[in-house]
Amino acid sequence: MKVDRRSFLGLGLGAAAGVAVTPATWKLMDDSSIWTQNWPWTPVPPAGEATYDNTVCSLCPGNCGIMVRKIDGRPVKIEGRSDYPVNAGGVCLHGISAIQYLYDPSRIKAPLKRENDTFVEITWDEALDMVAERLTEIRASGSADKIACVTDQTKGTIPGLFARFLKATGSNNVYAMDTMEKTWEITLEKIHGGRSSAGFDLENSDFVLSFGAGLIEGWGSPVKNFKINSSRKERGSTLVQVEPRLSNTAANADVWIAAKPGTEADLALGIAGVIIKESLFNSAFVTASGKGFQELAAVLGKNYSPEAVAQTTGVKAAKIIEIARDFARSSAPIAIAGRGRGMSAGSVREFSAVHLLNCIVGNINTKGGVWTLAAQDYEKWPAVEMDDLATAAFEQAPLDSAGSMAGLFTNAGKEKNIEALLIHQANPCFALGDAGSVTEAVKKIPFVVSFSSVMDETTQEADVILPGHMLLERLEDRPSGAGVAQRVTGLSRPVIEPLFNTKNPGDTLLELARKMEGTIGASFPWESYEECLEAVTGDLWAELSDQGYAAETATPPGGGVKVDFSFIVKSQAPVEMEGEAKDFPLVLVPVDNVRISAGSLISSPFAIKTVSDNVLKGKDLLVEINPETARANKLSHGDLAVIETPKGKATVRVNLFEGIMPGVVAMAKGLGHVLDNNKYVGGKGVNINELMGPIVDPVSGLDAAWGIRARLSRA
Amino acid sequence: MSELEEKTENGSTDASGQDASREQGKKGDAATGYGVLFFIGAFAVCFLSGWLLFPNLLYSKKEQPFNFNHALHVDEMGGCDACHFFREDGSFSGMPKTSQCIECHESQLGDTKDEEIFITEYVEAEKEVPWLIYSEQPDCVFFSHAAHVIKAGMDCRSCHGDIGTSTTTKTYEENRITGYSRDIWGKNIWGIKKNSWDRMKMDDCAECHERETGSKGACFQCHK
Ligand code: SF4
């Protein structure tokens, strides 16, 4: 038998015909289509019972009330809590991605200690023993005043416990990251006397004059301000934005005024001069409450005429006069300061010049004005017990008398050495100006203890890490601030069992204190942080735990307010930039982007994904310049360039933007993290704090740097 | 004139030439024969494997973690919704959790081997039973039990058949390609059905929707 072509043909045809009259082909086609629509390797979230838990977002000072949707106890989605006074149902993109923070690849899963250049896992007992022993040694050697602590903020019981712990050991070196809130507090104190926080009743104002405040870039309490801004048109309120570039807020405003960066205070003084000269000010208020007004009027008349201010700021004199008239003739005008998100301190001169506008129109503690809110006073702490060592050491002057972190780290490594540093929710090695030098200073500190949940830049320098729970795992009270004109205290509570071997920093401190025994242990009589919170919040606890928040009604504080105009006359020296114009012809300014978190918080992978290609492309950061600046520097869009400042240099790409003043270079803040394992956020872009140093404000001692001289050349 | 005609005319056509062409004809017949043979053979093999072998190869057989007696439970508990209930928010609970079963089965109630497995391997170990779900649909299908059972008043049987009266759990046949149960396509390999619960493919949903509502429905009703 000879098998030839025909046989094969027969075989093939036979097979095809045979298969065709069976279900195989049709069934396989159907199955493969189902397979392609449900790739077996695509993760599918398991179904289950849906429940909601209320808590408060602590990712930024906004403190929004949130609802966590869970499926069979697993958090899957964050929504805004509609009955919450701050955010009324809204939530920002950082808030909605809070779940990603739980599973962040940089999370610290257990206590660690440094061994040479690596970290090794240890038990909680070993870790706490190490810290307790070391702090006890430092105290015994008479250096208790050289223990320092850095936290993200001062309000609430967890920062309260840190301050208490430091006091019980004998140190008054508790520092918090600088924000506009601190500068506002100092400004209000200098002008009105007494300690108070600023509240801005933007909701009821019909004319908002913003000096760089990024109302839709995350300023203050972000979601609250998004909402206030979106109702602006229907409320008939006007927004005038003073900013050297067309930010989203500027684009959304009714009027955008591009004053030269760093001249905002001059512009405010110029506007005030016009209001006074044209007698548009509230003379009843000024006469009744003011001191030194005539003197101020004379200085403004002499040095801040519209023409002179036009020279300094680049804003036309006619425009200055127009804004002054519109502002003063509005029924509830308000002027606000604090650039971008308000997460940096800024200069007291600028803040007080801006606040002068509120003072002369008498819009203090009135509807639609600036409120001087008394500090939250619900925390009732028992007295700290101090032994002789603690009492003696606590008398010593703090390591930086101005309470400024910039000063603290400049001194670290010098004669006033820090012996031990405790760090909680703060990342100074990334977030402070001149981050490189701060890192060097931290490296020199003999003993660094981090309470962080993630391996951030500062924690990488720690000797012992006592890892904390993340948001959604931790209990914490969250008093409002961030310029909200209402005192609201939120309760952030655990909605999930901790994923790793971490602790609430409150509990860690209690255990640490017990291990240190004596008066330190005795100062912390609570079994757990929960018990402490319940005891310390006293009367408020029932409401807090029941409703998830306690809010006072939003009414202006009563009682008259005094205005010392002479302070404004005194604080006249502008904060200058670092660098010489001849070497560095351009001005580099940091820009807050609503999609990138600011301060110590690291953006989530989701947030980074949403950042525009004009800000971050792949791993490259793009700086924004005017096409005119580009021509002068022989650069075109997308070019690789080197940006150099007196502090350092970095390679960036160029983004041409007509909406920025010629001569100014804008760079996004919050990028350029160096993170272990987190490839989604780490290694992307450049940290502007490597290029900019702090400039200490002569009045507040805080970092008032708003820009630095720079040059840009093709790479 | 053609060459052949010429040859014939000239009487010069020799016998050997004629033999060769006859031989060739015979060979051709044989080859065609083989071709047909091969055709029939291949047809038969493929036809039979398509019908008999293929369904067996396509599905792998899996047993449930242990046997479950629906009839007994329905009797005791009084209906499907005693265990497969609607939650307060209207979502359907689906497979009962071990915590639900514990309400009765904290310790062994009867003396069956299956219950013993359940108690020792799941209740005591605080684990969920990894039931294989015969009616599990792909994740790209959105299905609301509430809309069908509560709103349209359908009974469970319309889609799930007589599972409520079964005394044992049948073997789960898993499609090796899709990973879903054979019950979705139907036991019949052609997908022919006699009862409404024999198949749970899209066409079956559409057929019922058309009958009951006058429209097959829009894509996004089920594919969200
Ligand atoms: S604005 Fe702040 S507090 Fe509110 S959701 Fe966003 S990150 Fe959280």
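Predicted model: local features only at pLDDT ≥ 70, side-chain atom pairs only at ≥ 80, totals over all residues.
In chain A, helix H7 (residues 180-192) and helix H16 (residues 348-360) have axes that come within 9 Å and cross at roughly 60°. The two helices, H7(A) and H16(A), are therefore oblique to each other, and H7(A) passes H16(A) in a right-handed crossing.

**Contact of H7 with H16 in chain A**

- On the side of H7(A), the contact is made by A:Met180, A:Thr183, A:Trp184, A:Ile186, A:Thr187, A:Leu188, A:Ile191 and A:His192, while H16(A) contributes A:Val348, A:Phe351, A:Ser352, A:His355 and A:Cys359.
- Sorted by class, the residues in the contact of H7(A) with H16(A) comprise 8 nonpolar, 5 polar and no charged.

**Contact of H11 with H14 in chain A**

- Helix H11 (residues 264-277) and helix H14 (residues 306-313) of chain A have axes that come within 9 Å and cross at roughly 165°, and H11(A) and H14(A) are therefore roughly antiparallel to each other.
- The crossing in which H11(A) passes H14(A) is left-handed, and the residues that make the contact are A:Asp266, A:Leu267, A:Gly270 and A:Val274 from H11(A) together with A:Pro306, A:Val309, A:Thr312 and A:Thr313 from H14(A).
- The contact of H11(A) with H14(A) consists of 4 nonpolar, 3 polar and 1 charged residues.

**Surroundings of the ligand**

- The residues that surround the ligand are A:Cys57, A:Leu59, A:Cys60, A:Gly62, A:Asn63, A:Cys64, A:Val91, A:Cys92, A:His94, A:Gly95, A:Pro222 and A:Val223.
- In chain A, helix H3 (93-96) and helix H8 (222-230) each supply at least two residues of the shell around the ligand.
- By class, the shell around the ligand holds 8 nonpolar, 4 polar and no charged residues.

**Annotated domain in chain A**

- An unreviewed UniProt entry places the annotation "domain: 4Fe-4S Mo/W bis-MGD-type" on residues 50-106 of chain A.

**Annotated domain in chain B**

- For chain B, UniProt (unreviewed entry) lists "domain: Cytochrome c7-like" at residues 142-224.

**Contact of H4 with H5 in chain B**

- Helix H4 (residues 98-105) and helix H5 (residues 113-123) of chain B pack with their axes 12 Å apart and at an angle of about 125°, which makes H4(B) oblique to H5(B).
- The crossing of H4(B) and H5(B) is left-handed, and in it B:Thr98, B:Cys101, B:Ile102 and B:His105 of H4(B) meet B:Glu115, B:Phe118, B:Ile119, B:Tyr122 and B:Val123 of H5(B).
- The contact of H4(B) with H5(B) divides by class into 6 nonpolar, 2 polar and 1 charged residues.

- B:Gly94 is found in the loop between helix H3 (70-77) and H4 of chain B.
- Although B:Gly94 and B:His84 are 10 residues apart in sequence, their C-alpha atoms are 5.4 Å apart in space.
- Leaving aside residues up to four places away in sequence, B:Gly94 touches B:Cys83 and B:His84.

Definitions and conventions:
Residues numbered from 1 in each chain as written. Chains lettered and ligands numbered in written order. Heavy atoms only, no water. UniProt positions renumbered as here; feature names shortened; annotations may be inferred. Axes fitted to C-alpha atoms, helices over the stretch in contact; angles between N-to-C directions. Helix = DSSP H or I, 4+ residues; strand = E, 2+ residues; numbered from the N terminus. Parallel < 35°, antiparallel > 145°, perpendicular 65-115°, else oblique. Left-handed = near helix turned anticlockwise from the far one by under 90°. Contact = heavy atoms within 4.5 Å. Nonpolar A, V, L, I, M, F, W, Y, C, P; charged D, E, K, R; others polar. Near = heavy atom within 4 Å.
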